[in-house]
Amino acid sequence: MSFYLFALLIGVVAGLRAMTAPAAVSWAAYLRWLPLDNTPLWFMGATVTPFLFTLAAIGELVTDQLPTTPSRKVPVQFGARIVSGALCGSAIGAAGESWLVGAAAGAVGAVIGTLGGAEVRARLARTFGQDRPAALIEDAVAIGAALAIVLFLR
């Protein structure tokens, strides 16, 4: 049961930052904290995968600060977060014997994270009078939550 809760939570992280969740999950697989070797998601633990996802996550953290970055709620951005959440949730679910339930939980978590994160960030930005502090807080929450989740999987 806890695998599915973690799948939901990693989906929430994907809703906050689409690339942070797969970076964390791929590091967990690479370090063998998440046993994916004999699953269709084995590639998440391949030597190059965590480095590629980490680069993508860093790029996302930078581009999120740009004023021209589209809303996370536009179809392409929203869809990418759902796919990311489903991928990461399925990886965690595979360790718990059901990648399909994990994928569903991750996708639901991504919707929650996308919509909830947008609302919380908007409120924080209004409170601060600018978006940057709110964005940095959201970054810290996403990274911290992703780290906590994969550490619990060890």
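Predicted model: local features only at pLDDT ≥ 70, side-chain atom pairs only at ≥ 80, totals over all residues.
Student: Why is D64 called buried?
Tutor: Its relative accessibility is 15%. Buried means under 20% relative accessible area, exposed over 50%, and partly exposed in between, with a 1.4 Å probe and protein chains only. Therefore D64 counts as buried.

Student: Where is D64?
Tutor: D64 sits in the loop between α3 (49-63) and α4 (75-95). Helices here are DSSP runs of H or I with at least four residues, strands are E runs of at least two, and both are numbered from the N terminus.

Student: What makes the D64 and R17 pair a polar contact?
Tutor: A polar contact is a pair of N or O atoms within 3.5 Å; within protein, one must be able to donate a hydrogen and the other to accept it, and residues adjacent in sequence count only if both atoms are side-chain atoms. The side chains of D64 and R17 are joined at 2.9 Å. That pair is a polar contact.

Student: Which residues does D64 touch, not counting residues up to four places away in sequence?
Tutor: They are R17, T69, R121, A135 and D139. Contact means heavy atoms within 4.5 Å.

Student: What makes S71 partly exposed?
Tutor: S71 has a relative accessible area of 38%, so it is partly exposed. S71 also lies in the loop between α3 and α4. A polar atom of its side chain lies 3.0 Å from the backbone nitrogen of K73. The C-alpha atoms of S71 and E97 are separated by 35 Å, with the two residues 26 apart along the chain.

Student: What makes the largest pocket a pocket, and how much space lies in it?
Tutor: On a 1 Å grid over the protein atoms alone, a pocket is an open set of points with protein on both sides within 12 Å along at least five of seven lines; a cavity is a set where a 1.4 Å probe fits but cannot get out. About 320 Å³ of space lies in the largest pocket. Grid points are joined across faces, edges and corners, and the volume is the space filled by probe spheres set on the points.

Student: Which residues line the largest pocket nearest its centre?
Tutor: Lining residues have an atom within 4 Å of a point. There are 17 of them, and D64, P70, S71, R72 and R81 lie nearest the centre. Helices α3, α4 and α5 each give two or more residues to this lining.

Student: How do you know that α5 spans about what is expected of a helix?
Tutor: The expected span is 1.5 Å times one less than the number of residues. Helix α5 (residues 99-128) has 30 residues, and 44 Å is expected. From first C-alpha to last, α5 reaches 41 Å, close to that value. G129 follows α5 and has a positive phi, near 80°.

Student: Why is T114 called buried?
Tutor: T114 has 0% relative accessibility, so it counts as buried. T114 lies in helix α5. A polar atom of its side chain lies 2.7 Å from the backbone oxygen of A110. Leaving aside neighbours within four places in sequence, T114 is in contact with G15, R72, K73, F78 and R81.

Student: Why is A125 called buried?
Tutor: A125 is at 16% relative accessibility, so it counts as buried. A125 lies in helix α5 too. Beyond residues up to four places away in sequence, A125 touches Q130, D131 and A134.

Student: What makes a set of residues a nonpolar core, and which have the most contacts inside the largest one?
Tutor: A nonpolar core is a set of buried Ala, Val, Leu, Ile, Met, Phe, Trp, Tyr and Cys residues joined through side-chain atoms within 4.5 Å. The largest has 29 residues, and I10, V25, L34, L36 and I92 have the most contacts inside it. Helices α1 (2-16), α2 (20-30), α3, α4 and α6 (132-153) each give two or more residues to this core.

Student: What does L34 touch, not counting residues up to four places away in sequence?
Tutor: L34 touches V25, A28, A29, A91, I92, A95 and L153.

Notes:
Residues numbered from 1 in each chain as written. Heavy atoms only, no water.
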